[in-house]
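Reader: I would like to learn how to read features off a model like this one. Can we go feature by feature?

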Amino acid sequence: MRMNKSSNTFVNFLVIGYAFIIILVALSAGIFFNYEQKISKSFKTYTQNIDFQENIDSLFNASSQRSIQMVRMLNAKDAFEVDDLQMKMNHYEHIIITELQGLEKFADKKQLELLSSARKIMGQNQIYQNQVYNLLMDDKKEAALKQLVDVTLPKQRNVQDILTKLQSDYKRHADNSRREYAQLISEMRNMILSVALPIILSLLGIALLTIRKLKRFANSQQELLENLETIVHNRTRELLLDRQLMHNLNEAIGIFSQDNHLLITNKKLSKLLEFFAIPSQQTIWTILTTLFEDLDLKDIQHQLLNHHGWRGEGKISASERQFMMIDISSIQDPSLPEPYFSIILTDITELKSIHNQLEFTANYDAVTQLPNRYSFNKKVQKTIEDAPDQTFHLFYMDLDDFKWVNDHLGHAAGDEFLKEVGQAFKNTLPPNQFLARIGGDEFAILIDHPMDTYQLERMATNLLNNLKNVNKGHHVEHEIGCSIGVANYPTHGYTAETLLKSADFAMYQAKKGGRNRYCLFSHQLNEELRYLHELEQNLRAAVKEKSFELHYQPQYSLHTLKLVGAEALIRWPLENRQIPPDEFIPLAEKFGLINEIGEFVFETAIKQLSSWNDCPTPLPRMAINASSIQLLAGNFGAFVEGLLSRNKLSADRVDIEVTESVMMKNIEKNDSPDSTCLSLLQEKGLEISIDDFGTGYSSLSYIKHLNIDRIKIDKSFIDDLEFHREARSIVKAIIKMGHSLGLKVLAEGIETPNQLDILKQLDCDEGQGFLFSKPINAEKFRIKCLS
């Protein structure tokens with residue numbers, strides 16, 4: 001490309017150079033032509049003036065001869081000599097007339113005046129000469145001499161004077177013409193030099209540049225030749241390497257012509273043909289038919305004709321497990337004399353096996369080898385699509401307390417238990433019914449034919465009984481039960497999602513009823529499910545719009561009755577009623593909304609605590625509940641620290657309340673109590689309290705592992721404090737244990753003065769309850785507790 005550009009530039013330069021020379025030549029030709037005309041005219045003028053001088057000289061001579069002849073006539077001896085001299089005078093007269101006529105043709109105005117005067121005088125003088133002639137013929141020589149001397153010769157001298165003037169004038173014109181001619185010749189010579197020099201220099205420059213360009217071209221041609229040799233060498237090497245590469249590839253590769261015969265094969269394809277004893281002279285279609293089973297050759301040929309290629313799988317003949325990917329493509333290259341086709345055979349047996357394994361993994365459970373949730377959903381959807389009017393039933397089963405097996409016997413024993421559960425459920429079912437494991441300890445069954453209520457209940461009972469046999473076979477001390485929910489199509493749902501939700505809801509109702517039992521979905525459950533669905537929608541809207549409220553219940557020192565803090569409690573007003581926390585908090589955890597709600601509670605409570613700093617009696621401490629989801633989110637510590645920093649609060653004014661189970665989950669995740677986010681916050685100065693103490697883990701054995709500041713005795717113990725000695729003993733033990741560990745103890749749900757007195761006697765530190773105040777909104781709390 002650079003060479004073409006350079007060549008084009010050189011050609012343009014040559015064109016411009018030669019065009020410049022042509023312009024110079026054309027300009028010179030025009031100037032030469034102009035000078036040629038001027039020189040021709042000047043030369044013609046010069047020659048005319050020379051001729052005029054000769055005419056003048058001839059006039060001088062003729063006039064002089066005439067005068068001489070006239071003088072001779074005076075000395076003539078006889079009349080015959082006079083007559084002869086007269087004849088000579090006439091001859092010279094004729095010459096004079098002819099010369100005068102010749103001069104008058106080209107004379108200018110001044111010259112014409114002189115010639116006219118000369119003609120006039122000479123005309124008069126001719127008369128006088130004739131008179132002299134006549135006098136001589138009459139032999140009157142004296143009179144003739146007198147006429148000649150007095151009249152004729154003076155007249156003749158006048159003519160001579162006029163001719164002398166003419167001769168000077170013509171001589172002057174001749175000199176001017178000669179000088180003009182010489183000047184034009186000189187100018188033309190200079191012009192030739194001035195024009196010839198640029199032309200010569202231009203031709204010389206073009207010649208030099210042409211020679212230089214030709215040298216460069218010769219060098220470039222030499223370089224191109226050397227590069228071409230290098231390219232040919234490299235290309236030859238590449239072709240050899242390509243050939244070796246093709247032979248060493250793991251794919252079987254061949255090229256065949258339009259007549260369907262193989263032209264080139266690599267080693268892999270040659271060995272394949274040799275193994276199947278197929279001659280390479282056979283057509284490609286015969287080879288494919290011999291190598292593979294069930295190939296549609298017409299479709300392949302059609303695809304090649306219309307789309308210039310075909311790709312598909314082929315199963316090797318006489319082999320159950322070997323597969324190859326077949327790629328056939330037309331080779332479209334204009335440099336080839338005719339079209340060719342390539343065929344590539346790739347062994348995909350291992351890939352096919354992996355694909356089958358992945359497909360199995362995607363559709364089946366690895367532990368029980370049963371179909372998984374994805375396969376179950378597809379099966380339910382397909383059953384609906386194939387027979388939309390056919391009734392079928394869906395069982396949703398969840399093992400009760402299966403976590404105990406993994407925790408106490410290990411995950412290997414848990415997997416074996418799940419296998420046997422799956423087999424037990426399968427043995428319970430009629431033939432060709434669909435059983436799947438859809439979760440960790442959840443199973444589902446699709447019964448594809450109608451059954452009445454009795455049959456459904458009997459099948460559910462058989463499933464529970466067979467699970468008992470699995471427990472016996474494993475000698476499990478802690479019996480694992482199962483909760484079963486049953487839903488019917490189309491009564492309880494028209495889609496797979498709706499049916500599963502109905503069966504799941506029925507299963508949870510069975511679990512709520514005492515576990516290890518079944519529940520058939522009903523109209524009543526449907527109404528409850530609809531209510532929960534509406535509640536879910538409202539809850540999502542409430543989270544989005546932040547339409548919750550916080551109420552605050554004061555906490556007091558039981559010995560001084562001084563305000564020591566308040567607990568922030570969330571409330572959800574909905575359509576002129578309050579939704580209790582124990583109803584919407586579990587739903588929020590189930591729907592993944594608890595984190596947003598928890599953040600709202602923390603932000604609102606800490607902001608409120610900061611705003612109460614201006615009250616006459618600022619609130620010393622704010623107790624805020626935290627869920628396990630918040631603690632395990634990973635950013636809880638940074639979130640709390642950021643809130644305290646933005647609201648300019650010290651960490652010791654916040655008390656985070658968690659249940660025993662939440663605390664233990666937090667410890668289990670972080671492997672150590674000292675590495676939890678709560679411990680890190682505690683190091684900053686925050687207090688940690690265990691809420692509802694005594695209702696979760698075996699409190700006395702776990703309490704020593706919990707890095708906390710306070711325990712809160714659950715309300716259920718305080719309710720029985722007045723009337724049951726056992727309750728009083730438990731509360732006393734909790735207070736004593738807490739104090740022995742250096743912890744503060746707070747009693748929840750104090751409602752009577754008698755309960756307050758007993759707690760004082762038991763040395764309980766702090767308390768809260770309706771006796772002091774119900775949870776109230778921020779404004780009422782400020783007026784009642786902080787004024």
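Reader: Where is H523 placed?
Author: Helices (H or I, at least four residues) and strands (E, at least two) are DSSP runs, numbered from the N terminus. H523 is in helix α14. This is a predicted model, in which local features need pLDDT of at least 70, side-chain atom pairs count only at pLDDT 80 or more, and totals for chains, interfaces and linings use all residues. Residues are numbered from 1 along each chain as its sequence is written, and side-chain values use heavy atoms, with hydrogens and water left out.

Reader: Is H523 buried or exposed?
Author: Buried means under 20% relative accessible area, exposed over 50%, and partly exposed in between (1.4 Å probe, protein chains only). H523 has a relative accessible area of 59%, so H523 is exposed.

Reader: How many residues apart in sequence are H523 and N90, and how many Å apart in space?
Author: They are 433 residues apart in sequence. From C-alpha to C-alpha, H523 and N90 are 170 Å apart.

Reader: How do I read the packing of two helices?
Author: Two packed helices are described by the angle between their axes and the distance between the axes. Axes are lines fitted to C-alpha atoms, for helices over the stretch in contact; angles run from 0 to 180 degrees between N-to-C directions. Take α9 (residues 373-386) and α13 (residues 496-512): the angle is about 115°, and the axes are 9 Å apart.

Reader: Is the crossing of α9 and α13 left-handed or right-handed?
Author: A crossing is left-handed if the near helix is turned anticlockwise from the far one by less than a right angle, and right-handed if clockwise. The crossing of α9 and α13 is right-handed.

Reader: Which residues meet where α9 and α13 pack?
Author: Contact means heavy atoms within 4.5 Å. From α9 come F376, N377, V380, Q381 and I384; from α13 come A496, L499 and L500. The contact holds six nonpolar residues, two polar and no charged. The classes: Ala, Val, Leu, Ile, Met, Phe, Trp, Tyr, Cys and Pro count as nonpolar, Asp, Glu, Lys and Arg as charged, and the others, Gly among them, as polar.

Reader: What span does helix α16 reach?
Author: The expected span of a helix is 1.5 Å times one less than its number of residues. Helix α16 (residues 594-611) has 18 residues. From first C-alpha to last, α16 reaches 26 Å, close to the 26 Å expected. Its buried residues include I594, I597, F600 and V601.

Reader: Which residues is K712 in contact with?
Author: First, the setting. K712 is in strand β18 (residues 710-713). K712 is buried, with a relative accessible area of 1%. Leaving aside neighbours within four places in sequence, its contacts include E567, E657, D691, D692 and E748.

Reader: What about F256: buried or exposed?
Author: F256 is buried, at 1% relative accessible area. The residue is in strand β1 (residues 252-256). Beyond neighbours within four places in sequence, F256 is in contact with residues including I284, I328, Y340 and F341.

Reader: How many disulfides are found?
Author: A disulfide is a pair of cysteine sulfur atoms within 2.5 Å. A search of the whole structure finds zero.

Reader: Now the backbone. Which bond joins Y489 and P490?
Author: A cis peptide bond, with omega of about 5°. P490 lies in the loop between β10 (481-489) and α13.

Reader: What phi does Q369 have?
Author: Q369 is not a glycine, yet has a positive phi of about 65°. Q369 is in the loop between α8 (349-363) and α9. K546 is also not a glycine, and has a positive phi of about 55°. K546 is in the loop between α14 (523-545) and β12 (549-557).
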